[in-house]
Amino acid sequence: MDGTAVALLVVFMVLGLISILSWKRHADRVSAFPQVARQAGLSYSEGDAFGSARVAFPLFRLGDGREVTNTMWRTSADGAVVRAFDYAYYTESRDDRGLMGLSTGMGLGLGPGRERETTPQRTYRYFTCALAEVPAVWPNLRIVPQKGLTRLVNALDGADIHFESGEFNRMFRVTCEDEHFAHAFVDAQMIEFLVATQGEFEFETRGRWILIAGKQQPPRGFPALIGLHDALRATVPDLVWQTYPQGPRASLDGGFL
Amino acid sequence: MSPAVWVAAGAVFLGVVALLASYNRFVRDAQLIDNSWSNVDSELRRRYDLIPNLVETVQGYAVHERTTFESVTRARSQAMASDGNAASQSADENVLVGALRSLLAVSEAYPELKANVRFAELQEELITTENRIQAARRIFNGNVRDYNTRVQSVPSNLVARAFGFRARTYFEVDEAVRATGAPHVRLGAPGR
């Protein structure tokens, strides 16, 4: 066997080992969910028990192949059914003689002729989310962590809302269609709560829903994420509950998506 | 023009841009401190508003505690009249906190007062207000810390000295009732 063949063999073996380890890690993770849910007193479903990704958050409109898996949930003390779940989607980049193009996610592509010539490459993105409905209707408020260059770019567009904490302003970019709501929602205690999350999660309100989204968590992180959602709702200032319209919780099909 | 002149001109230009940026950041940080102070102030006022009701309720059960009521009322007036400077406000608020603690200690000697629904509600409101005061105070102090760091660090201290940006005072005040403290959030390490 010459040197090239040996090198190829080693490469294939390393790739094979990486694939096996990756598969095993994934299998271990999936098999841990029922046990973690049982220990934490949560219900569990391998799939999307609630149609969670149908709620119209921007995250659930990105890319293609959107999938919700591993849903854990419970009814919290305030009556909210809080669910935590894995969410994934992919984006396609097309390599056409050195040109790269992103999929629009709406099947439009770059034109049929060009699509036949290209080889799509998929980039998967994985998240763990916590979602719950509140008995109120709130404007769309996004509190998104920002770091380094993103912060610089965000500072230039001037669309974000600033609050009384320098540390919070550096850690998060806040945008909202109703600035009064943003200031009512993000009071001093909420600022402290959000800063304590160290920029690991994105927070968003939309209609009757509050979403927390972050990097994919291990199974034991799911109950903690549900707890985080409970804590977030408990931190919502009284002013918000009193000022913005309240109503009974609606189902996903209740017309408030 | 020779390259040396261009280099010198470029260095001066960059120096002026850095100076302006540093100055503007001081202005912005100072405004942030003032904004966060106004939040502290409004939370303190919320507590001032609660005190007369609290005194009135306790008075209904503990008529012989006149000295305590007077000291609370006096401390409240003094705190309300404070000049809004963090150092003097801290001193006045701490006197008020001491008086409030004495007032709440009175309830221990009067079981009927402890059982009074209105008193329980006021205590609950006081705890909520205390939490809000402490949260606003921590944010104010965080802003002061960032600003003071820049006032004392090189080279921004040169800008601070040139334009009269002086270190600010932290706002330290005791709790009248046990507040819940700053939140701690810890999840498991992220997966892939």
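**Why these labels?**

Reader: Why does Gly10(B) count as partly exposed?
Author: Gly10(B) has 29% relative accessibility. Buried means under 20% relative accessible area, exposed over 50%, and partly exposed in between (1.4 Å probe, protein chains only). So 29% puts Gly10(B) in the partly exposed class. Gly10(B) belongs to helix α1 (residues 3-59) of chain B.

Reader: Where do these numbers come from?
Author: This is a predicted model: local features need pLDDT of at least 70, side-chain atom pairs count only at pLDDT 80 or more, and totals for chains, interfaces and linings use all residues. Residues are numbered from 1 along each chain as its sequence is written, chains are lettered from A and ligands numbered from 1 in the order in which they are written, and side-chain values use heavy atoms, leaving out hydrogens and water.

Reader: What makes Phe12(A) exposed?
Author: Phe12(A) has a relative accessible area of 57%, so it clears the cut-off for exposed. Phe12(A) sits in helix α1 (residues 3-40) of chain A, where helix means a DSSP run of H or I, at least four residues, and strand a run of E, at least two, numbered from the N terminus.

Reader: Which residues form a nonpolar patch on the surface with Phe12(A)?
Author: Val6(A), Leu8(A), Val10(A), Val11(A), Val14(A), Leu15(A) and Ile18(A) do, and with Phe12(A) they have about 720 Å² of accessible area together.

Reader: And inside, which residues have the most contacts in the largest nonpolar core?
Author: Trp138(A), Ile143(A), Phe168(A), Phe185(A), Leu194(A) and Phe203(A), in a core of 80 residues. Such a core is a set of buried Ala, Val, Leu, Ile, Met, Phe, Trp, Tyr and Cys residues joined through side-chain atoms within 4.5 Å. Helix α1(B) gives the most to this core, with 12 residues. Apart from it lies another core of 15 residues, including Leu59(A) and Phe85(A).

Reader: How do you know that Arg138(B) and Glu192(A) meet in a salt bridge?
Author: Their side chains come to 2.4 Å, N to O. A salt bridge asks for a side-chain nitrogen of Lys or Arg within 4 Å of a carboxyl oxygen of Asp or Glu, so this pair qualifies. Between chain B and chain A the count is 2 salt bridges.

Reader: How many residues of each chain are in contact?
Author: 23 residues of chain B and 30 residues of chain A, where contact means heavy atoms within 4.5 Å.

Note on methods:
Patches are made of residues with over 30% relative accessible area and no salt bridge: like charges are joined within 9 Å, nonpolar side chains (Val, Leu, Ile, Met, Phe, Trp, Tyr) within 5 Å. Accessible areas come from the Shrake-Rupley method with a 1.4 Å probe; for residues, only the protein chains shown count as cover.
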